[in-house]
Amino acid sequence: MSAAEETAGETLGFATRQIHAGAELGDRHHARATPIYLTAGFVFDDFEQANDRFAQPDDGYSYTRVGNPTNAAVERRIADLEGGSGALLLGSGQAAVATAVLALAASGDHIVSAASIYEGSRELFRDNFARLGIESSFVADANDPAQWEAAIRPETRALFAESIPNPKNDVLDIAAVAAVARRHGIPLLIDNTLATPYLLRPLEHGADIVIHSASKFLAGHGTVLGGVIVDGGRFDWGAEPDRFPHLARDPRADGRTFVERAGRAAFLSYARSVIAMRQGPVPSPFNAFFILQGIETLSLRVQRHSESALRIAQWLEAHPAIESVDYSGLASSPHRALAERYLPLGQGSVFSFTLRGGLPAARTLVDSVRLFTRMTHLGDVRSLVLHPGTTTHVNRSEEDRLAAGIGPGLLRISIGLEDVDDLIADLDRALSAVAAAELLERAGIR
Ligand SMILES: *Cc1c(COP(=O)(O)O)cnc(C)c1O
């Protein structure tokens, strides 16, 4: 029995659920924490049970690629925190995005995505999926429903966007995009990595499926990778059988379709038992354990991350070397009204700012920080700094980068959990180094 079942019927707060929801308490030694079930396979009691496990894989464990109790505890907990009906844990965020889309679209199908998304997802759509015959269109302004409308085709099988796209800390108007999705009978997938379910739960605003890179805030400590797909459990996969024939039209070996077998859970069941099981991007139960450990302090960490990020954004905005700061918690942000509606508890800790001194200033700052780590990751306990133009977005054309708002002086930071005054002192020292370098440059000394 899980802790969630023990307290079924009670309405529990987020902090309580992040510690108790979905915990695995079935261990015969009564371990309180969810144990790491580090085992490839699970014993069949007898001939009959072996047959049952293969015929009804959801009824018990057989092999860790198909399911594992530690991984399942993480799935139940994240599904609970997001308000979903179920979840599937995968080996990385990229595996989660890939598995979700491949469980919806096949060759000849089409997806529409916001243009401003994680580079790894964008290239997955543009390059890998294109080779498989799944085409993608990208919407330049994700908050303009007319652009989504215009991009949708008869063969569109999913709309995809991020609740807080990095690096610029924009805020997506989820309800506006969800309305378009609903009108066309297409599911809306939201990558909620940067917001976390503590700050924002996309299913409450009309999204159908939520995706996370658990490598970021959920695990939280910059150690393990993981990804998760959460199903809202509301989308009617059988409404138009020809739209999702693999779920609603074509019978499986037992003569039934996935919709007949699983109803509203048809998508998640297919993602688990056909895509993930065959393609194999499953997480180690060892990593799942660390994700579960991280989630138990999620609300506390994200509160502190957001408070420190707001203070640093305000401090940067007042600094003469800074041209602009992209943080939706600032009064000056064009996303302020959306942030008040969607992110009242905090606006996250990943944002960007632009130095007046352009690329040379960005280079000096990155090379001068001591406490901030030069690293490509987000949601770590440590504060991180990166120059997107020469790293994550280096393979895009200059024109493309500028269209995405990524100028040569733009830096992305992810604020960690250090003392905020120490972080400000580190940035202050690095900005003094920028000023000194500019003085020398002007005097012709360098
Ligand atoms: C990091 C990230 C991913 C990819 O996740 P991995 O765990 O690194 O594979 C996807 N989406 C967003 C928004 C991310 O930040």
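Visitor: In which hand does H14 pass H18?

Guide: The model is predicted, local features need pLDDT of at least 70, side-chain atom pairs count only at pLDDT 80 or more, and totals for chains, interfaces and linings use all residues. Residues are numbered from 1 along each chain as its sequence is written, and side-chain values use heavy atoms, with hydrogens and water left out. Helices are DSSP runs (H or I, at least four residues), numbered from the N terminus. A crossing counts as right-handed if the near helix is turned clockwise from the far one by less than a right angle, and as left-handed if anticlockwise; the crossing of H14 and H18 is right-handed.

Visitor: Are H14 and H18 roughly parallel or roughly antiparallel to each other?

Guide: The axes of H14 (residues 298–317) and H18 (residues 420–442) come within 10 Å and cross at roughly 30°. Axes are lines fitted to C-alpha atoms over the stretch in contact, with angles from 0 to 180 degrees between N-to-C directions. Angles under 35 degrees count as roughly parallel, over 145 as roughly antiparallel, 65 to 115 as roughly perpendicular and the rest as oblique. H14 and H18 are therefore roughly parallel.

Visitor: Which side chain places an N or O atom 2.6 Å from an oxygen atom of the ligand?

Guide: The ligand is surrounded by 13 residues (a heavy atom within 4 Å). A polar side-chain atom of Ser213 lies 2.8 Å from a ligand oxygen atom, and a backbone N or O atom of Gln94 lies 2.9 Å from one. The side chain with the 2.6 Å distance is that of Ser215.

Methods: Polar contact = N/O pair within 3.5 Å; in protein donor to acceptor, adjacent residues only side chain to side chain. Helix = DSSP H or I, 4+ residues; strand = E, 2+ residues; numbered from the N terminus.
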